[in-house]
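Please look at the sequence and the model first.

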Amino acid sequence: LEVKLKEFLGVKHLFLVNNGTIALQIAIKALNLHGEIITTPFSYVATTSSIVWEGCQPVFVDIDPETLCLDPGQIEAAITPRTTAILAVHVYGHPCEVERIREIADRHGLKVIYDAAHAFGVKYRGRSLVTHGDIATLSFHATKLFHTGEGGALITDDDEVAHLIS
């Protein structure tokens, strides 16, 4: 299944796990995050609880009313010296503003995780949306577009991060 999903999504590394929550937790561990992680409250509780379970503090930024995704115009105001990452959520197949989020993250030395549970198979500018960020995570819960009853995955194009995940 991993091989077929990598081919379908056009990604370098994909790791299957038991659910989307664990995928988020492993992403936080693999990127060695600590302190504050900027995220959205407009998501399933697992997005926030994964941050808390890994000993980090969620910092909420509001959503864009048009896309329902994290509003990049509000991210920088929430960054403090304790901020280590941005965990953004692609909502209902709508992509986050991945270029703006990457620019902000690069400017402040932050990692980017995308909760792409709603974005399986979504393409953005000709490539799979899950190729953005340091890590993207998927859920294969029965309520998702592509599902296995339960399950999840982590996706990265970074060999070093992939080694840490495996």
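Predicted model: local features only at pLDDT ≥ 70, side-chain atom pairs only at ≥ 80, totals over all residues.

Q: Why is the contact of Asp 159 and Lys 12 called a salt bridge?
A: The side chains of Asp 159 and Lys 12 meet with 2.9 Å from N to O, and because the rule asks for a Lys or Arg nitrogen within 4 Å of a carboxyl oxygen of Asp or Glu, the pair qualifies. By this rule the count comes to eight salt bridges.

Q: Which parts of the chain does the pair of Asp 159 and Lys 12 link?
A: Asp 159 belongs to helix α6 (residues 159-165), while Lys 12 sits in the loop between α1 (2-9) and β1 (13-17), and the two are 147 residues apart.

Q: What makes Asp 159 and Lys 12 partly exposed?
A: The relative accessible area is 44% for Asp 159 and 43% for Lys 12; buried would need a value under 20% and exposed a value over 50%, so both residues fall in between.

Q: Why is the contact of Glu 54 and Lys 29 called a salt bridge, and where do the two residues lie?
A: The side chains of Glu 54 and Lys 29 come to 3.1 Å, N to O, and because this is within 4 Å the contact counts as a salt bridge.

Q: How do you know whether Glu 54 and Lys 29 are buried or exposed?
A: Glu 54 has a relative accessibility of 18%, which is under 20%, and therefore counts as buried, whereas Lys 29 has 55%, which is over 50%, and therefore counts as exposed.

Q: What makes Arg 102 and Asp 134 a salt bridge, and which network includes them?
A: Their side chains meet at 3.2 Å, N to O, and because that lies within 4 Å the pair is a salt bridge. Salt bridges link Arg 102, Asp 106 and Asp 134 in a network.

Q: A search of the whole structure finds how many aromatic pairs, and why is the pair of Phe 8 and Phe 120 called stacked?
A: The search finds three aromatic pairs. The ring centres of Phe 8 and Phe 120 are 5.6 Å apart, within the 6.5 Å limit, and their planes stand at 15°, under 30 degrees, so the pair is stacked. Phe 8 is in helix α1 and Phe 120 in the loop between β5 (111-115) and β6 (123-124), 112 residues apart. Ring pairs also link Phe 8, Phe 120 and Phe 140 into a cluster.

Q: How do you know whether Phe 8 and Phe 120 are buried or exposed?
A: Phe 8 has a relative accessible area of 55%, over 50%, so Phe 8 is exposed, while Phe 120 has 13%, under 20%, so Phe 120 is buried.

How values were computed:
Residues numbered from 1 in each chain as written. Heavy atoms only, no water. Helix = DSSP H or I, 4+ residues; strand = E, 2+ residues; numbered from the N terminus. Buried < 20%, exposed > 50% of the residue type's maximum accessible area, 1.4 Å probe, protein only. Phe/Tyr/Trp six-rings, centres within 6.5 Å; stacked < 30°, edge-to-face > 60°.
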